[in-house]
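We'll walk through it piece by piece.

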Amino acid sequence: MKLSQRILATTLAAGVMASSMVGCGSANSAENTASTTVENGAAENDTNESETATDLSDSTLDELTITHVTSPLNVPSIIQKNNNVIVDEFSKNGKTIEVKYAEITSGADQTQALASGDVDVLYAVGGTSVILAAANGADIKILNMYSRSPEAFCLYSKDENIKSAEDLRGKTVAGPVGTNLHQLLVAYLKEANMTLDDINYVNMSIADAKAALDGGSVDAALVAGPTAYKSKQQGYHLVTNGKGLTDAVIAVAVREDFYNEHKEELQAFMNAEESVIEFINENHDETMEIVAKELDLDKAAVEEMFAQYDFNIEVTEEDYKAFQNVADFMYETEMIDAPFNTEELFIK
């Protein structure tokens, strides 16, 4: 049985796809049913109003459920919810729409929730999760981009003698299968004409991989975000990061049928996304303080990690190439059964 079939059969119950969804998140948490509603004419928040107005007075949509994942450093999600940006954007354009938040960190669970209609928008989903779902027949389309952060994905070891891919031969490396980190490892080994068969690759969540490295039961661990930052602070040896090895693309995704039915509402959603990025760009110190409080991190740590992220929502030619690279990687590693053309994933 190929890897893709095994993944679907188990629904990745261990959270294997977590890091591909959120740029490496934690284990799946229960859906957060708390919601927020702002009536028409509500007070404006600190974000700038988007330039493009959308008339939603005839909208039939009364609530919108989006994923809300803060780890590893999902700054737009944190700022959006903190400032009620999406709710206010709907209200400003003539419609009170309740926004509900689903805290789902597993990529597999995210795409399943989208397919079932339990979630309307995947607000931060990894490229591997999107491609795996689409390759297996799911209705999923990329609305725009969320982030790119190759340098936030790292391979750490306690052994300073591990300085090249060749030095990993015969070593035990832990990390989550089917993720940006998995892609990083495969690409790194390829530099020495090696494959996963040349090492002992153990499938673990990021947290478990870090714990295994701490305990000395593995030689190296694939980590990201705050876990990578902590590894650095502990003085562990950085073997490599994802620069040049993985693009670490995270997107915003919807079902095509939902998009076709609610184009105006999703245009307002995208306007809200732009407002979030404007706020981040124009209120850097306040943004860092909000994120540090949300993630219980020092502001200095947030500043250092934030520099590794590109939150531009526009889909570029490089993003198209990056998604195709991910699909090719997934085919080569038998995560999907056939070559996949990722051009068809994007709403244009």
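What follows goes from a sheet to the helices lying across it, and then to a single glycine.

Keep in mind that this is a predicted model. Let's start with the sheet: it is an open one, built from 5 strands in the order 8-7-9-6-10, with mixed pairing. At the edges sit strand 8 (200-203) and strand 10 (237-241), each of which pairs on one side only. On average, neighbouring strands here are turned by 25 degrees against each other, if you ignore direction.

Strand 8 pairs with strand 7 (residues 172-175) in the parallel sense, and 4 bridges link the two.

Next, the helices. Helix 7 (residues 180-190) lies across strand 6 (153-157), strand 7, strand 8, strand 9 (220-224) and strand 10, and it runs at about 65 degrees to strand 6. Helix 8 (residues 206-215) lies across strand 6, strand 7 and strand 9, with an angle of about 140 degrees to strand 9.

Finally, find Gly225, which belongs to helix 9 (residues 225-233). Is this glycine buried or exposed? Its relative accessible area is 6%, and the cut-off for buried is under 20%, so Gly225 counts as buried. What does Gly225 touch, leaving out residues up to four places away in sequence? The answer is Pro72, Ala152 and Met305. Take Ala152 from that list: Gly225 and Ala152 are 73 residues apart along the chain, yet their C-alpha atoms are separated by 5.7 Å.

Terms used. Residues numbered from 1 in each chain as written. Predicted model: local features only at pLDDT ≥ 70, side-chain atom pairs only at ≥ 80, totals over all residues. Heavy atoms only, no water. Pairing = 2+ DSSP bridges. Axes fitted to C-alpha atoms, helices over the stretch in contact; angles between N-to-C directions. Contact = heavy atoms within 4.5 Å. Buried < 20%, exposed > 50% of the residue type's maximum accessible area, 1.4 Å probe, protein only.
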